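Thanks for making the time this morning; I would like to walk you through one structure, a part at a time. Please have the sequence and the model open while I talk.

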Amino acid sequence: MDNIDLKMLAIFEEIYRSSSISRAAEKLDLGQPAISMALARFRRHYGDPLFVRTSNGMAPTPLAQAIIGPIRQALGTLTLTLQHRASFDPAGSERMFGICMTDIGQRVMMPRLLAHLREVAPAVRIDLSYVSERTPRDLESGQVDLALGFLSGLDAGFFQQGLFSEHFVCLASSRHPRLTGATLTLAEFEGESHLVVATQGTGHGIVEKTLDELGIRRKIGLRIPNFLGVVSNIVDTDYLAIVPYRFGRIVASNNATKLLDLPFPVPPYRVMQHWHERYAQDPGVVWLRKAVAELFTE
């Protein structure tokens, strides 16, 4: 019995339930010889006939009656295990998905994603975290299902899908005393003090690299750890801030700020969704990836 499998447990349970080898064969869509062979293996293992012919069909022996409970429990456990997350029903699921993104992503992407979830998966929950140096490990361990943003240098075993292209603009107070026009010159850029956001996953390394390559000076007046402080530190100051366009557009539409094109070219970058191959076939993660792609792919 070292090679006992799910089918053998199902055969034993069906013979017990139907009291008939022929009906068990019909129910399981197997030939009667296969049913008889499986029963013979059980008989050899236990040294007991297990089922004997009576006027009412195949009746279980006391030993068969004693083991049917554990066999049914094992059969149910194995079936449940093999069917675990074999499908995903967003409408009825209460699953908690781990999503990792930047604070910009929380402002630009999450409102739209949450609105979509309210319509198609109202009980699905989101555990949100920031992109960090731990993100690859969290994806690999399954603590995070999906990472959204600009992540570079991921090792083998990670998958990614492009969502949309993003570029940088300059954000300034609409009441800035010296920047009264609709354009920004290089001299103005270098002459003003800047607010710099030191965070991961936003492609800002591209900005730093471009400034170095072009030899452009940037006078840093304030450095902050995330984009949550950008608005309050731009509206009432003379600082400039280089920000992704989609984020800047949202800020400028709700605050006393304006967007200016940068006076030098900065390469755009792709916002991606990332996941680990270990969970690539998880039906819930597949559904989530598809939803994100449909919402944000250009």
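This is a predicted model: local features need pLDDT of at least 70, side-chain atom pairs count only at pLDDT 80 or more; totals for chains, interfaces and linings use all residues.

Searching the whole structure turns up 2 cavities of 30 Å³ or more.

Which residues line the second largest cavity? They are Leu 195, Val 196, Val 197, His 204, Glu 208, Arg 218 and Ile 242, and by type this lining splits into 4 nonpolar, 1 polar and 2 charged residues. Two elements, the strand β8 (193-197) and the helix α9 (204-214), each give two or more residues to that lining, with the largest share, 3 residues, coming from β8.

Let me now turn to a pair of helices. In general, when two helices are packed, one describes them by the angle between their axes and by the distance between the axes. Here helix α1, residues 6-18, and helix α3, residues 32-46, have axes that come within 10 Å and cross at roughly 95°. Because an angle from 65 to 115 degrees counts as roughly perpendicular, α1 is roughly perpendicular to α3.

As for the side of α1 in this contact, Met 8, Ile 11, Phe 12 and Ile 15 are the residues that take part, and in α3 they meet Ala 34, Ile 35, Ala 38, Leu 39, Arg 41 and Phe 42. Sorted by type, the residues of the contact between α1 and α3 comprise 9 nonpolar, no polar and 1 charged.

Note on methods. Residues are numbered from 1 along each chain as its sequence is written. Side-chain values use heavy atoms; hydrogens and water are left out. Axes are lines fitted to C-alpha atoms, for helices over the stretch in contact, and angles run from 0 to 180 degrees between N-to-C directions. Helices (H or I, at least four residues) and strands (E, at least two) are DSSP runs, numbered from the N terminus. Angles under 35 degrees count as roughly parallel, over 145 as roughly antiparallel, 65 to 115 as roughly perpendicular and the rest as oblique. Contact means heavy atoms within 4.5 Å. Ala, Val, Leu, Ile, Met, Phe, Trp, Tyr, Cys and Pro count as nonpolar, Asp, Glu, Lys and Arg as charged, and the others, Gly among them, as polar. On a 1 Å grid over the protein atoms alone, a cavity is a set of points where a 1.4 Å probe fits but cannot get out, and a pocket is an open set with protein on both sides within 12 Å along at least five of seven lines; lining residues have an atom within 4 Å of a point. Grid points are joined across faces, edges and corners, and a volume is the space filled by probe spheres set on the points.
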